[in-house]
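Morning, everyone. Please have a look at the structure first.

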Amino acid sequence: MAVLTMLFVGPGSAAAQAQPPLVSALLEARDFRLRVQAAFAMGDSQDPAYRAPLERALRDDAPAVRAAAATALGRLGDRRALPALLALQSDSSAAVRLQAERSVARLAALPPREKGIKKKSAKPH
């Protein structure tokens with residue numbers, strides 16, 4: 001992906017040096033297909049650091065990118081993305097609305113996370 005980013009963003013650009021390659025590809029690649037692939041790669045990574053760039057991509061001009069970003073946010077499993085996904089209910093693209101709805105359902109079905117609390121395992125007596 002880094003090579004693709006350099007091809008479409010440019011190796012010497014400030015953006016290519018300041019952001020991780022996937023973020024640069026998602027937000028700056030000229031070809032919408034590269035932006036779609038970057039979104040899917042971010043979702044598959046399970047890295048919550050990608051939530052903010054994916055939320056930004058929900059405003060991309062290309063409906064395919066918005067749909068991919070919505071799907072990726074569902075794959076990340078970070079409930080903090082719910083407000084951004086819910087805002088897509090009025091998107092002009094039916095595909096975007098559908099992917100957002102699926103991601104909302106996926107995130108809503110996740111078990112709650114308990115921070116700092118470890119479950120005690122049942123020990124046989």
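**Helix pairs and a pocket**

Start with helix α3, residues 21-28, and helix α4, residues 32-45: their axes come within 7 Å and cross at roughly 140°. That angle makes α3 oblique to α4. The crossing of α3 past α4 is left-handed. Keep in mind that this is a predicted model.

Which residues make the contact between α3 and α4? From α3, they are L22, V23, A25 and L26. From α4, they are R35, A38, A39, A41 and M42. By class, this contact of α3 with α4 has 8 nonpolar residues, no polar ones and 1 charged.

Next pair. Helix α6 covers residues 63-76, and helix α8 covers residues 94-108. Their axes are 8 Å apart, and the packing angle is about 5°. Angles under 35 degrees count as roughly parallel, so α6 and α8 are roughly parallel to each other.

On the α6 side, the contact uses P63, R66, A67, A70, T71, L73, G74 and R75. On the α8 side, it uses A95, V96, Q99, A100, S103, R106 and L107. The class count for α6 with α8 is 8 nonpolar, 4 polar and 3 charged residues.

Now the pocket. How much space lies in the largest pocket? About 270 Å³. Its lining has 12 residues. Nearest the centre of the largest pocket lie G77, D78, R79, R80 and R113. The lining divides into 5 nonpolar, 2 polar and 5 charged residues.

That's my tour. Over to you.

Notes: Residues numbered from 1 in each chain as written. Predicted model: local features only at pLDDT ≥ 70, side-chain atom pairs only at ≥ 80, totals over all residues. Heavy atoms only, no water. Axes fitted to C-alpha atoms, helices over the stretch in contact; angles between N-to-C directions. Helix = DSSP H or I, 4+ residues; strand = E, 2+ residues; numbered from the N terminus. Parallel < 35°, antiparallel > 145°, perpendicular 65-115°, else oblique. Left-handed = near helix turned anticlockwise from the far one by under 90°. Contact = heavy atoms within 4.5 Å. Nonpolar A, V, L, I, M, F, W, Y, C, P; charged D, E, K, R; others polar. 1 Å grid on protein atoms, 1.4 Å probe; cavity = no way out; pocket = protein on both sides within 12 Å on 5 of 7 lines; lining within 4 Å. Points joined across faces, edges and corners; volume = space filled by probe spheres on them.
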